[in-house]
Amino acid sequence: MNWQEKLTSQMALTEPVHYVVNDPDNLCFEPAIADLIEQAGAVLFSDTDPLALRLCFEEWLDSDECSALLIRVVDEQPSIPYDIEFSAKRVDFDISEVIPELDTSVLRALSPKDYEQLQSAVKSYGADKLNRNASLDFVLRHIYKIAPEIIQSETDLVRLLIRKHYLGIEMPLVFEERLIETLQVREQFNRWDFSRVVPDRTEFFAFLQQQWLLHLQRKVQRYEIKESSWPVDELVVPFDDQDIKVFVDNLFADGILQAVDFDGLGKDDWEWVGVIADDESRDLLRVRQLLNKLSNQFIVQDLPLPEGSEQWEEIALELGVLNSLSHTLKGTDSYALNAEIANLNAKVDDYFETWLQTNFGKLINTPTARFPKMLHKIPEWLSRKVCDGQKVCLLVMDGMGFQQWNYVKEHIIDIPDVRVEERGVFSWVPTITSIARQALFSGKPPRSFPDSLLTTSKEKALWHAFWEDKGLSRAEVAYAVTLEKSKDIESFKDSFHSPKLKVAGFVINYIDKQMHGIEGGMPLLNVAVNKWLELWQFSSKIEALLDSGFEVVITADHGNQEAIGQSWPNEGVKAETKGERVRLYKNTVEYSNDKADVLEWPAKKFGLPSDLYPLVSRGRHAFVQKGKQIVGHGGISLHEVVVPLAIVTREQHVKESQL
């Protein structure tokens, strides 16, 4: 019996018993334990809302299923009604009993998915009882594959930082602090400001961007080496190093680094990847690089397929850039390249949709570490910023996928002294406005608002209710929808002019409205969005928010997918205009076409009201006239489910100068 089975053996998961599980170490979310709970058909409740708990408990009591209900608590949250608690059995999960060799506070900083690998490392290397620092070093080495003692040169250091930030090695703050501490004692690194470049992905890539121009200048001998207080104005990144060079190609292809205007390179120099050249040739180069990288993963399969949500977020970003660029291709190669990209999209969706069905329930319950994994976790994440004294604006671009984000980002990065940190976040399924946006503004799963599931009319009230629970007055919270109607800058500023304001929630509906009426597919949608961003002066609006002291968090309620109509009987309740990619029913649906690329989404299992039976589209399927091409949403493709999450801020030195 392994340790996961030992812990869960305290409960009769297949019997109609409810348990209060004290779980300060998040062990309920360890993959093997989560699978055991799911396989037993047990219900795991991990919300902090006592009203949601009452609803879940009553549904569980009334159901015909005979499996257990697990009410997860941390520090006695949620507050459990007396009748539920009195009849419950109590169980304690404690990681210190599983891996006693390591410091408990260090273990509690980790994600439960790391425990099995860590336990195996402890057994393999025969670790004795380690103190806190030794435990931190052990985790850095065996979980994050970082051995600080072998980082002896600036080349080693830059390789580490590129690997950490580009490959998305997310680690809790205590491990980053320990890494900084071990690097700072090295005399050869005494000029580096590790507090900036180790924890902050955006700060590091801004540094790399500056270094790139120095590298180009040095290459054509326009640059003289000089000493500086820390290596901002001194070339220290060895871009010609083969291990770094391969990352640099991808960083420019992904758009994480921006090409610069520079003259003097030779025809065969590899640095053209990061230099502004003819737009068409540069876009073609980026397309080929991204296509090659993603094809190696999903078609050739020389690289491992994504297993975690962070990897899918990165794939969504890269595929969004690739698809966006592909629509601009011209010439003889464009037809063949677009055929390859279409095949790649189909492969990615096939893998993702299978992964999502297995992992969506775990995503719903995953606690927020540094960044939220799902839309309904965003308000709680924002509240931490507000508690720290930061004004926050949540800007929701209704219907924006990563293709459109590629254009939005281009209109932001030209703002002086701006920092943009790109992430991804998972929407709710079905990916329709009323479900996803209410979850986003309420901070709750859709089963918590069954009466307004198919409307957005309660959205403002849900947003204010969340912040009132956090102690903010109505005067400190703003909400506005269809913000695209505020065409001039002054009317836009009226939405957030109050000096009392601490948090704003704004919705821009333009992309979603264009999507449902567009003829000509995704290319024309992207053209329309790009033109609107310019006409509406999007960058000026973002700059106005930044000038007012807001940190701007840009996201979407759902993305979009290009699809082809397969026809469908005209029946059932439409959840969205035409119900192009989803049908919602009040009873389970039997459909005769075995080849139909649709599936019944398990509503009750995945956080939706139990009387809902969604039929969602996979791949490029649409519930419209056969052969009709649309851009829609509601299904479970990667492009609909994983949406952008961007944090837009002023550079730190600008903030400090304004104090």
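Guide: Let us begin with accessibility, for which a residue is called buried under 20% relative accessible area, exposed over 50%, and partly exposed in between. Please keep in mind that this model is predicted.

Visitor: Is Asp35 buried, exposed or partly exposed?

Guide: Asp35 has a relative accessibility of 26%, so it counts as partly exposed.

Visitor: Which side chain does Asp35 meet in a salt bridge?

Guide: The general idea is that side chains of opposite charge can pair when their charged atoms come close. In this structure, the side chain of Asp35 meets that of Lys362 in a salt bridge, with 2.7 Å from N to O. Because Asp35 belongs to helix α2 (residues 31-39) and Lys362 to helix α15 (residues 334-365), the pair ties together parts that are 327 residues apart in sequence. Lys362, with 21% relative accessibility, counts as partly exposed.

Visitor: Are Lys293 and Glu318 buried or exposed?

Guide: Lys293 is buried, and Glu318 is buried as well. A salt bridge joins Lys293 to Glu318, and their closest N and O atoms are 2.3 Å apart. This pair links distant parts of the chain, since Lys293 sits in helix α13 (residues 279-298) and Glu318 in helix α14 (residues 309-326), 25 residues apart.

Visitor: How many salt bridges does the structure hold?

Guide: The structure holds 43 salt bridges, including the one in which the side chains of Glu149 and Arg141 meet at 3.1 Å, N to O.

Notes: Residues numbered from 1 in each chain as written. Predicted model: local features only at pLDDT ≥ 70, side-chain atom pairs only at ≥ 80, totals over all residues. Heavy atoms only, no water. Salt bridge = Lys/Arg side-chain N within 4 Å of Asp/Glu carboxyl O. Helix = DSSP H or I, 4+ residues; strand = E, 2+ residues; numbered from the N terminus. Buried < 20%, exposed > 50% of the residue type's maximum accessible area, 1.4 Å probe, protein only.
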